[in-house]
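My notebook is open, and I want to get to know this protein piece by piece. Here is what I looked up, in the order I went through it.

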Amino acid sequence: MPIGPARMPLFDHLGELRMRLVRIIACLVVGVIVFYLASDTIGQFLLEPIKNYIPQDETGAATTIALDPFEGFSTRFKISIWSAIVACAPVILWQILAFFLPALKPNERKWFIPTFAAAVALFVFGTVFCYLIILDPAFQWLTDQAAGFGTVAPRMSTYIDTIIKFELAFGFAFELPLVVFYLVIFDVIPYKKLRGSWRTVYVALMVISAMATPDASPVTMLLMFAALIALYEISLLMARIVLSKRIKKQTEDLEREEAEEAAEAQAAKKKKK
C-alpha cells in the first residue's frame with residue numbers, strides 16, 4: 001500500500017483520502033459478508049467463557065433467547081460487522097496512519113511501522129485478556145445479583161452486545177502504553193511529570209475503568225484498573241529504557257525551567273520588599 005508524497009495539492013489530498021476510505025469500506029464489506037455466514041460459530045465462540053451461566057442444549061452448545069423474529073438477524077449482523085472491524089483493524093490502521101505519514105518529519109517516520117505493529121498487538125492482547133480473564137468473573141458477579149429473587153433469561157442480543165462491548169473496551173484500553181510512550185517521545189508530558197504524578201494518573205485510570213466497563217460492576221472495574229496500572233508502569237519502564245537520552249534531556253530542561261521560575265519569583269519578592 002503506497003504512501004503519498006509530503007506535498008500535494010488540496011484535491012490530490014482529498015483524492016488520496018477518498019481512495020483510502022474506499023479501501024477501508026471495501027475491506028469491511030467483504031468482512032461483513034464472510035463473517036455473517038459464520039456468525040453462529042462466532043457467537044458460540046463469544047459465549048464460550050460464560051457457558052456456565054447460560055443454558056446448554058444436548059450437544060453442549062450455549063442457547064440464548066430471541067424475543068422477536070428480527071433479533072436473530074440483528075444479532076448476526078452485529079456479530080459480523082464487529083468481527084469485520086476487528087479483522088480489518090490492521091488495514092484500517094494502516095490506511096489512517098499512511099494518510100498522515102507524509103505530514104511527519106523524517107526522524108518521526110521511523111516510528112510508523114513500530115506504532116502500527118504495537119497498536120495492533122496491544123488491541124489484540126486486550127481482547128484476548130478480556131476473553132480469558134474478565135468475562136467469566138464479570139458474568140458470574142452479574143448473574144449472582146439475581147439470586148434469591150429472580151432467574152436470569154439469557155437474551156441473545158443483550159449477551160452478545162455486552163460481550164462485544166467488553167472486548168472493545170479492553171482492546172482500546174490496552175493502547176495505554178502507546179499513548180504514554182508518545183507523550184514522552186513528543187515532549188507533550190515529560191517523563192519526570194508522568195512519574196511524579198502517579199497518584200493523579202491512578203485516579204484518572206480508575207475513572208476510565210469505571211467509564212469503559214459496560215456492566216459498571218466493581219469486579220470488572222477493579223480488574224481493568226489493575227490491568228491499566230500494570231500497563232502504565234510497564235510503559236514507563238520501557239520508555240525509560242528505550243528513551244533514556246531523551247528523558248535525561250527532558251529532566252534537565254524541566255529542572256532549568258523550575259530554577260528560572262524560582263529565580264523570577266525570588267526577584268519579584270525582593271522588588272515588593
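Predicted model: local features only at pLDDT ≥ 70, side-chain atom pairs only at ≥ 80, totals over all residues.

**Entry 1: the overall layout**

I started at the N terminus and read off the elements, which run α-α-α-α-α-α-α-α-α-α-α-α. That makes twelve helices and zero strands.

Of its 273 residues, 36% are buried. The protein exposes about 16300 Å², and carbon and sulfur atoms supply 69% of that area.

I also wanted to know about contacts across the sequence. I took the contacts between residues at least 6 apart in sequence, and 76% of them join residues at least 24 apart.

**Entry 2: the largest pocket**

How much space lies in the largest pocket? I found about 650 Å³. It has 24 lining residues, and the closest to its centre are Trp82, Val86, Phe123, Thr127 and Leu168.

Then I checked which helices build the lining. At least two residues each come from α2 (39-47), α3 (71-87), α4 (89-100), α6 (112-144) and α7 (156-173). Which of them gives the most? It is α6, with seven residues.

I sorted the lining by class as well: 20 residues are nonpolar, two are polar and two are charged.

**Entry 3: the second largest pocket**

I moved on to the second largest pocket, whose volume is about 290 Å³. Its lining has 15 residues, and Ala118, Pro177, Leu178, Phe181 and Met238 lie nearest the centre.

Helix α6 turns up again here, supplying at least two residues of this lining, as do α8 (176-185) and α11 (218-242). This time α11 gives the most, with six residues. By class I noted 13 nonpolar residues, two polar ones and no charged ones.

**Entry 4: serine 235**

While I was on α11, I picked out serine 235, which lies in that helix. Is serine 235 buried or exposed? Its relative accessibility is 5%, and the cut-off for buried is under 20%, so serine 235 counts as buried.

I then looked for its contacts, leaving aside neighbours within four places in sequence. Serine 235 touches Pro177 and Val180. Pro177 was already in my notes, as one of the residues nearest the centre of the second largest pocket.

**Entry 5: aromatic rings**

How many aromatic pairs does the structure hold? I wrote down eleven. Before picking examples, I reminded myself how to describe them: a pair of aromatic rings is described by the distance of the centres and the angle of the planes.

My other example is phenylalanine 170 with phenylalanine 174. Here the centres are 6.4 Å apart and the planes are at 45°, so I filed this pair as tilted. Phenylalanine 170 has 0% relative accessibility and counts as buried. Phenylalanine 174 is buried too, at 2%. I also found these two rings in one aromatic cluster, together with Phe125 and Phe129.

**Entry 6: phenylalanine 100**

Phenylalanine 100 lies in helix α4. Buried or exposed, I wondered, for phenylalanine 100? The value is 52% relative accessibility; exposed means over 50%, so phenylalanine 100 counts as exposed.

Phenylalanine 100 and leucine 17 are 83 residues apart along the chain, with 9.9 Å between their C-alpha atoms.

**Entry 7: aspartate 215**

Last stop: a loop. Where does aspartate 215 lie? I found it between α10 (198-212) and α11. Aspartate 215 is buried, with a relative accessible area of 16%.

Leaving aside neighbours within four places in sequence, aspartate 215 is in contact with Ala138, Leu142, Phe166 and Thr220. I also looked up isoleucine 163, which is 52 residues from aspartate 215 along the chain; their C-alpha atoms are separated by 9.9 Å.

Technical notes: Residues numbered from 1 in each chain as written. Heavy atoms only, no water. 1 Å grid on protein atoms, 1.4 Å probe; cavity = no way out; pocket = protein on both sides within 12 Å on 5 of 7 lines; lining within 4 Å. Points joined across faces, edges and corners; volume = space filled by probe spheres on them. Helix = DSSP H or I, 4+ residues; strand = E, 2+ residues; numbered from the N terminus. Nonpolar A, V, L, I, M, F, W, Y, C, P; charged D, E, K, R; others polar. Buried < 20%, exposed > 50% of the residue type's maximum accessible area, 1.4 Å probe, protein only. Contact = heavy atoms within 4.5 Å. Phe/Tyr/Trp six-rings, centres within 6.5 Å; stacked < 30°, edge-to-face > 60°. Areas by Shrake-Rupley, 256 points an atom, 1.4 Å probe, with all protein chains shown as cover.
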